[in-house]
Each structure stands twice: as structure tokens, then as C-alpha cells.
Amino acid sequence: MATYTAQILIGRSHIYQGGITPNHVLFLSENSRSAWILRSLSRPDFQKVFVCDPNTLIKDAVLITAIFILKSEKLLERLPDTIKKTLKSNYLELYRVIHPKILDDLYGILKDISFNHIKLSISIFDESSIKGVGILEKYKDLEFEVCTTFYSRTYNPFNDFFLTDDKISNETSIKQHINYLRYIKDDMY
């Protein structure tokens with residue numbers, strides 16, 4: 001199983017307190033192919049996997065949200081019956097099941113539908129291939145937050161040390177770099 005490189009909590013924000021009350025979550029699994037995994041937080045047995053084009057991951061996440069959570073009639077009525085039947089499957093290769101021209105049409109419709117203030121809280125982890133998050137601005141009444149790593153500590157098992165990356169102050173400990181250079185030097189000889 002590939003690692004998850006992003007997650008999207010899907011739900012509503014609180015009118016006074018902000019944050020999110022999620023009812024679904026999308027996990028982005030990346031390895032040989034990118035796939036969004038949709039899970040329901042109220043129905044643990046619910047899971048759907050959507051293999052996507054790595055260049056349209058954000059659009060696909062919004063499309064999945066609009067079809068499977070919002071259940072947008074405007075989108076569903078544009079789908080041929082054969083595609084509607086395949087959407088019932090728990091595993092879909094979106095770019096193979098839905099013709100590229102139809103997908104482009106659906107992406108266009110996303111800009112015209114009401115998301116009824118659904119909120120996406122998007123966490124993008126290091127090494128994720130997600131691009132084009134700015135497209136989210138084009139969707140009417142869709143609320144969102146995009147969260148990226150600003151501070152991390154990772155363990156390198158090959159060299160037995162931790163590397164801390166502080167992207168806010170843009171400083172990484174000199175001591176850690178020296179330790180890293182020692183390990184590289186030791187491996188050279």
C-alpha cells in the first residue's frame with residue numbers, strides 16, 4: 001500500500017467557532033498511480049477508491065465531493081446511464097471510465113453549481129504531487145482551508161538521525177546538517 005500524501009476533511013464549518021465538523025474524508029494515496037480514497041466517518045464500512053490523473057487531483061477531489069457527498073443533480077444529469085452504473089462500484093479509474101471530454105464538461109459544471117457551504121480542509125504533506133490548489137477559488141460558496149507542512153521532524157533509518165525542517169523561520173539546525181555531513185563522509189570511505 002502506498003503512503004498517503006494528502007487528506008481532505010469534508011464537512012461544514014461552525015458558524016461561530018470555525019474549524020470543521022467532518023462527515024467524510026478523502027485520502028490521497030500515491031505510488032505507481034494516484035488514487036483518492038473516500039471514506040464516511042459515520043459509516044465505517046463505506047469506502048470508494050478513485051484512480052485519478054495526477055494532473056487533476058484537486059479537480060477530481062471536488063468532483064468526487066460534488067457527486068458522492070453533495071449528490072449534485074446538475075452533475076448527475078450530465079452523466080450517461082452507463083457511467084452512473086459504474087459509479088456504484090467501489091473502485092473506479094476515473095480517467096478510463098469517464099471520457100476526457102465528459103470529464104472536462106463536468107469540471108466546467110463544477111464552477112456553476114452551489115456547494116452549499118461545504119468545507120474542505122486540505123492537508124498536503126511533503127512529497128505530495130498535488131498542484132493547482134488555486135482552482136478552489138473558482139467554486140461558488142465552497143469553503144476551504146489548505147494546510148501544508150511548516151515544521152517537521154523525520155527520522156532517517158539509514159543514517160540513524162532525525163532531520164528537523166522549520167519552514168516558518170526557514171532554519172534547519174546547523175548541528176543536524178553537520179551530523180548529516182558526517183554520515184555522508186563516513187559512507188564515502
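How many disulfides does the count come to? The count comes to zero, a disulfide being a pair of cysteine sulfur atoms within 2.5 Å. Cys52 counts as buried at 2% relative accessibility, whereas Cys147 counts as partly exposed at 30%. These classes rest on relative accessible area: buried means under 20%, exposed over 50% and partly exposed in between, with a 1.4 Å probe and protein chains only.

The structure is a predicted model, in which local features need pLDDT of at least 70 and side-chain atom pairs count only at pLDDT 80 or more, while totals for chains, interfaces and linings use all residues. Residues are numbered from 1 along each chain as its sequence is written, and side-chain values use heavy atoms, with hydrogens and water left out.

The chain contains six helices and nine strands. Helices (H or I, at least four residues) and strands (E, at least two) are DSSP runs, numbered from the N terminus. Of the 189 residues in the chain, 40% are buried. Among contacts (heavy atoms within 4.5 Å) with a separation of 6 or more, 54% are between residues 24 or more positions apart.

In soluble globular proteins, nonpolar side chains tend to be buried together. Here a nonpolar core is a set of buried Ala, Val, Leu, Ile, Met, Phe, Trp, Tyr and Cys residues joined through side-chain atoms within 4.5 Å. The largest such core has 45 residues, and those with the most contacts inside it are Trp36, Leu38, Leu75, Leu110, Leu120, Ile130 and Leu136. Elements giving two or more residues to this core include β1 (3-14), β2 (18-30), β3 (34-40), β4 (47-52), α1 (57-69) and α5 (100-110). The largest share, ten residues, comes from α1. Not counting residues up to four places away in sequence, Ile130 touches Ala6, Leu28, Trp36, Leu57, Ile58 and Ile124. Another core, of six residues, lies apart from the largest one and has Val25, Ala35, Val49 and Val51 among its members.

Strand β3 has six of its seven residues buried and is therefore largely enclosed by the rest of the structure. Two strands are taken to pair if DSSP finds at least two bridges between them. Strand β3 pairs with β2 in the antiparallel sense over seven bridges, and the two are joined by a hairpin through three residues. Within this pairing, Val25 has Arg39 of β3 as its bridge partner. Six bridges join β3 to β4, again in an antiparallel arrangement, and these strands form a hairpin with six residues between them. Leu38 has Lys48 of β4 as its bridge partner.

Five salt bridges are counted, each defined as a side-chain nitrogen of Lys or Arg within 4 Å of a carboxyl oxygen of Asp or Glu. One of them joins the side chains of Glu93 and Arg33 (3.0 Å, N to O). Glu93 lies in strand β5 and Arg33 in the loop between β2 and β3, so the pair ties together parts that are 60 residues apart in sequence. Glu93 is buried, with a relative accessible area of 17%, while Arg33 is partly exposed at 36%. Glu93 touches Arg33 and Val51, not counting residues up to four places away in sequence.

A salt bridge also links the side chains of Glu145 and Lys119 (2.6 Å, N to O). Because Glu145 lies in strand β7 (residues 143-148) and Lys119 in strand β6, this pair ties together parts that are 26 residues apart in sequence. Glu145 is partly exposed at 34% relative accessibility, and Lys119 is buried at 6%. Salt bridges that share partners join Arg33, Glu93 and Arg96 into one network. In helix α3 (residues 81-86), Lys84 and Asp81 are three residues apart and are separated by about one helical turn; their side chains meet in a salt bridge (4.0 Å, N to O). Lys84 is partly exposed at 31% relative accessibility, and Asp81 is exposed at 54%.

Thr154 is located in strand β8 (residues 151-156) and is partly exposed, with a relative accessible area of 45%. Thr154 touches Phe161, Phe162 and Leu163, not counting residues up to four places away in sequence. The C-alpha atoms of Thr154 and Thr164, ten residues apart along the chain, are separated by 6.5 Å.
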